[in-house]
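This briefing collects computed features of the structure shown below. It is arranged by topic for use alongside the coordinates.

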Amino acid sequence: MGLTQIVAGYVPLLDSAVLLAAEEFGFAESEGLHLHLVRETSWANIRDRVAIGHLDVAHMLGPMPISANLGLTPLDAAVIAPMALGLGGAAITMSMAVWAAMAEAGAPEDGSPGPVGAALREVVLRRHRAGEPRLRLAVVHPESAHNYALRYWLAASGIDPDRQVDIVIVPPPLQADALAAKRTDGFCVGEPYGSMAVARGVGRIVTTKGQIWQMSPDKVLGTRLQWAQRYPEQLAALLRAATRAARWCEDPTNHSALAGMLARDDRLGVEGDLLLRAITGRLEFEAGKEHAMSEFFVPYSRAANFPWVSHALWFYSQMVRWGQVAHKPEHAARAAASYRPDLYRAALSGINMPVPGASSKIEGALAEPTEMGAIGGRLTLGPDMFFDAAQFDPDRLDDYIAAQQS
Amino acid sequence: MNLVLPQLTSEAMAESLSILLIDDNAIRASIIEAGLREAGHATVQIVTDMEDVAGRIRAFAPDVVIVDLENPNRDVLEHFFALSRTIERPIAMFVDKSDPAEIEAAVEAGVSAYVVDGLRKERIKPILDMAIVRFRAYSRLRNELEAARSELQGRKIIERAKGILMRTRGFSEEEAYALLRSTAMNQNRKILEIAQALVTASELLGP
């Protein structure tokens, strides 16, 4: 019998690995699927092509299905996230000049977001006093985990992201160029583009998204609700294939094969060494200085593929915080319904892979890795602390939003 | 050289929309621009590099922005539109959310359009239709060029295969071609494939 074709879009970033590995290493095929992968040049293309049905599924920014369902995007198509593609995986990189000023202001080398943020605040204030232009910091999309992580960190460090710095958009593969050309002073982007700036000697990683919020969500597998409803078996098969691929990606014995595959010109087209650094957590914060981080990018464990409704609601809280959408109960409900843990759980039932029984959790409550009961086995969740020790209880969304707007 | 421009009536002037075309492919951009001008849109500007595109948009204040779908800077543009409100949300694109066929045709052709909110569909549609036609024409042109190039390449390989047969078997050119053709027919393959196999084999076996 022939394979059922699923067309999947991706943007060349490390966390597209799960989808690419599902195709390359036979996981899709063993579920009876042929994954036809299409590399896209912008998140706008991913969004548009999913919406009109050119792509059945796509590697998508975590907040994107939410913004689509809230009408922030041009096409009216309901989009859902039935699976997440990993946790962590992004870093904040500054130009060498900004880093030098930060180091002088006391920024530690280990990336601790608190003191690094305090040093950045000092730099921002000094520049203001000296009448110098505001720092220009880049992210890849306004509705991205990176924009929210960067803004969260800045705000908690006493820097107003809307008034004291400029936040601009630059496509991921062009970040290092923009930094080198002094069009930007820093950026928060998924790997390998921070490592690329470091390797080229134009930037210094100052902290990571996983230090700002441990085990924080990033990309998801997105699809049209209509497609999911029409082809539930295909979707379930894809979720199983991608989860098995995610487990394979995390296994250290596969890391070099994974890096080699992703490095190819028809995949990411990025040097394999850079990818291997991010995959193994042996990041160089500056050229030649390796900095071992456990669990920098987590494609599988810690329930990394589970689309937590609490993640969706946290993204929503940040959309409200930064003025992208007004807070209304029906908006919150639509945001929550954008993530579909029920579909994920159903697809994985009975295949001996543990899945959380709850769909939501309090974010920022686990200081240590914590074992939890799960359907189909046991799971270790967390740590999931925010660097400022705040907690996000999705049942108290209104309070959280109100506190952040004060 | 002096160009005599047709006099536009004030009514026509009022109808004419300013169009900004963003395309890093200069050849395609000029093909589209020509189409727009032929269709009577005198106010067309082209941006081929993204350096300070925001400034250009602000200065030109276009009614319609047409951009190549593969331009990696679409996210940059959309953010700029959202911030400046030069082009009001829902910014993107394709004129009318309720017309999926139109949207699909545009994406298929590789074009995206951003339109000032409040412009009537009837005014934008001809512009978008024209852009779609021109984008398609350009990709057809490119495909034809590629086909021509690979055909030339194919002919060279057949020439080399004939040469090998003539040299090693003492065939005339006609006999060599006849052998290639009959082998292809017997094996139900293309002459080019047989020729390629022969060339490869001969390279492997040495001079």
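Predicted model: local features only at pLDDT ≥ 70, side-chain atom pairs only at ≥ 80, totals over all residues.

With a relative accessible area of 18%, Arg240(A) falls under the 20% cut-off and therefore counts as buried.

**Arg240(A) and its surroundings**

- Arg240(A) is part of helix α12 of chain A.
- Its side chain forms a polar contact of 3.3 Å with the side chain of Glu31(A).
- The side chain of Arg240(A) also reaches a backbone atom, the oxygen of Ala347(A), at 3.0 Å.
- When neighbours within four places in sequence are set aside, the residues in contact with Arg240(A) are Glu31(A), Ala347(A), Leu348(A) and Ile351(A).

**Nonpolar cores**

- The largest nonpolar core holds 143 residues, and the members that touch the most others are Met102(A), Leu120(A), Trp153(A), Leu262(A) and Tyr316(A).
- Helix α12 of chain A (residues 232-250) contributes the most to this core, with eleven residues.
- Another core, of 21 residues, lies apart from it and includes Ala106(B), Ala113(B), Met130(B) and Ala131(B).
- Leu262(A), not counting residues up to four places away in sequence, touches Leu14(A), Ala17(A), Leu20(A), Arg267(A), Leu268(A), Gly269(A), Leu275(A) and Ile279(A).

**Helix α15 of chain A**

- Because 13 of the 13 residues of α15(A) are buried, the helix is largely enclosed by the rest of the structure.

**Interface between chains A and B**

- The two chains meet through 27 residues of chain A and 21 residues of chain B.
- About 1900 Å² is buried between chain A and chain B, with carbon and sulfur atoms giving 53% of that area.
- Ile52(A), Pro74(A) and Ile169(A) supply 24% of the area that chain A buries against chain B, more than any other three residues.

**Chain B overall**

- Chain B contains eight helices and four strands, arranged from the N terminus as α-β-α-β-α-β-α-α-β-α-α-α.
- Of its 207 residues, 38% count as buried.
- Chain B exposes about 12000 Å², and 54% of this comes from carbon and sulfur atoms.
- Considering contacts in chain B between residues at least 6 apart in sequence, 63% link residues at least 24 apart.

**Cis peptide bonds**

- Glu191(A) and Pro192(A) are joined by a cis peptide bond with omega of about 10°; Pro192(A) sits in the loop between β9 (186-190) and α9 (193-199) of chain A.
- A cis peptide bond also joins Gly382(A) and Pro383(A), with omega of about 5°; Pro383(A) belongs to the loop between β16 (377-381) and α18 (397-405) of chain A.

**Positive phi outside glycine**

- Lys182(A), a residue other than glycine, has a positive phi near 60°. Lys182(A) lies in the loop between α8 (175-180) and β9 of chain A, and its relative accessibility of 73% exceeds the 50% cut-off, so it counts as exposed.
- Asn188(B), a residue other than glycine, has a positive phi near 55°. Asn188(B) lies in the loop between α7 (173-186) and α8 (191-205) of chain B, and it counts as exposed at 72% relative accessibility.

How values were computed. Residues numbered from 1 in each chain as written. Chains lettered and ligands numbered in written order. Heavy atoms only, no water. Helix = DSSP H or I, 4+ residues; strand = E, 2+ residues; numbered from the N terminus. Buried < 20%, exposed > 50% of the residue type's maximum accessible area, 1.4 Å probe, protein only. Contact = heavy atoms within 4.5 Å. Areas by Shrake-Rupley, 256 points an atom, 1.4 Å probe, with all protein chains shown as cover. Core = buried A, V, L, I, M, F, W, Y, C linked by side-chain atoms within 4.5 Å. Polar contact = N/O pair within 3.5 Å; in protein donor to acceptor, adjacent residues only side chain to side chain. Buried area = accessible area lost by both parts, 1.4 Å probe.
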